[in-house]
Amino acid sequence: FCFFASVALVLSGLAFSEPGSLAVFAGFHAARWPGRLERLLVGGTEVWLDGANNLEGGRALARALDAQGIDGGVLVFGALADKPYGPLLDLLAPRFGARVYTEPGGRKPAPLDALAALHPGACEPEPAVALQRALRLAGNGGRVLVTGSLYLVGTVRSLLLGRAPGDPALGL
């Protein structure tokens, strides 16, 4: 946050010592971005949502998982065919004991059989079914991470919050 707060201060013309600069830092600290390392509880199961859809986003997600002490659980992964899903999946899949692959909406999805060929897992084309399967696999007290596409995260977030999917993609 410090980097972004510093950039905001420079762009705003505020000096670091001015009273308004504290508000900028406080604002960045309190900022929340739905679908970016967002934690929801479903019964006794943690469901983490992160829209990482490229390798840079995946690396940031991996660092955040490490910082949170998140290891293991069930990965729900779906990506668009035009995204670099192989390297992203190579980075994240080994962290999870079980994987469920699904198809995000939006544009043409990555083929489920191609995802499963990279790292074995179950294939459920429908995100709602994939989520239910992952919740069963994780069990009470377990953990599920949903990632690979903002479209997927938005659909799952809408399902979990009981909202109709729509625009914006994160089911806000």
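Of the 172 residues in this protein, 41% are buried, where buried means under 20% relative accessible area, exposed over 50%, and partly exposed in between, with a 1.4 Å probe and protein chains only. The model is a predicted one, so local features need pLDDT of at least 70 and side-chain atom pairs count only at pLDDT 80 or more, while totals for chains, interfaces and linings use all residues. Residues are numbered from 1 along each chain as its sequence is written, and side-chain values use heavy atoms, with hydrogens and water left out.

The accessible surface of the protein is about 8,700 Å², and 59% of that belongs to carbon and sulfur atoms. Those areas come from the Shrake-Rupley method with a 1.4 Å probe; for residues, only the protein chains shown count as cover.

Next, the layout. The protein has seven helices and six strands. Helices (H or I, at least four residues) and strands (E, at least two) are DSSP runs, numbered from the N terminus. Along the sequence the pattern reads α-α-β-β-α-β-α-β-α-β-α-β-α.

Two strands pair if DSSP finds at least two bridges between them.

S1 and S2 pair in the antiparallel sense over five bridges, and Arg 39 stands opposite Trp 48 in S2. The two strands form a hairpin with two residues between them, and Gly 43 in the turn has a positive phi of about 60°. On to S6: S2 and strand S6 (residues 143–147) pair in the parallel sense, again over five bridges. Here Trp 48 stands opposite Leu 145 in S6.

Is strand S2 enclosed or open? Six of the six residues of strand S2 (residues 45–50) are buried, so S2 is largely enclosed by the rest of the structure. Thr 45, Val 47 and Leu 49 point one way, Glu 46, Trp 48 and Asp 50 the other.

Further along the sheet, S3 runs parallel to strand S4 (residues 98–101), joined by four bridges. Leu 75 has Arg 99 as its bridge partner in S4.

Leu 75 also brings us to the core. A nonpolar core is a set of buried Ala, Val, Leu, Ile, Met, Phe, Trp, Tyr and Cys residues joined through side-chain atoms within 4.5 Å. The largest one has 20 residues, and Leu 75, Phe 77, Leu 89, Tyr 101, Leu 115 and Leu 145 have the most contacts inside it. Helix H3 (55–68), strand S3 (74–77), helix H4 (85–92) and helix H5 (112–118) each supply at least two of its residues. H4 gives the most, with four. A second, separate core of 17 residues includes Leu 40, Val 47, Leu 135 and Ala 138.

Last, two helices. Two packed helices are described by the angle between their axes and the distance between the axes. The axes are lines fitted to C-alpha atoms, for helices over the stretch in contact, and angles run from 0 to 180 degrees between N-to-C directions. The axes of H3 and H4 come within 9 Å and cross at roughly 10°. That makes H3 roughly parallel to H4, a label for angles under 35 degrees; over 145 counts as roughly antiparallel, 65 to 115 as roughly perpendicular and the rest as oblique. Contact, meaning heavy atoms within 4.5 Å, is made by residues including Leu 55 and Gly 58 of H3 and Pro 87 and Leu 88 of H4.
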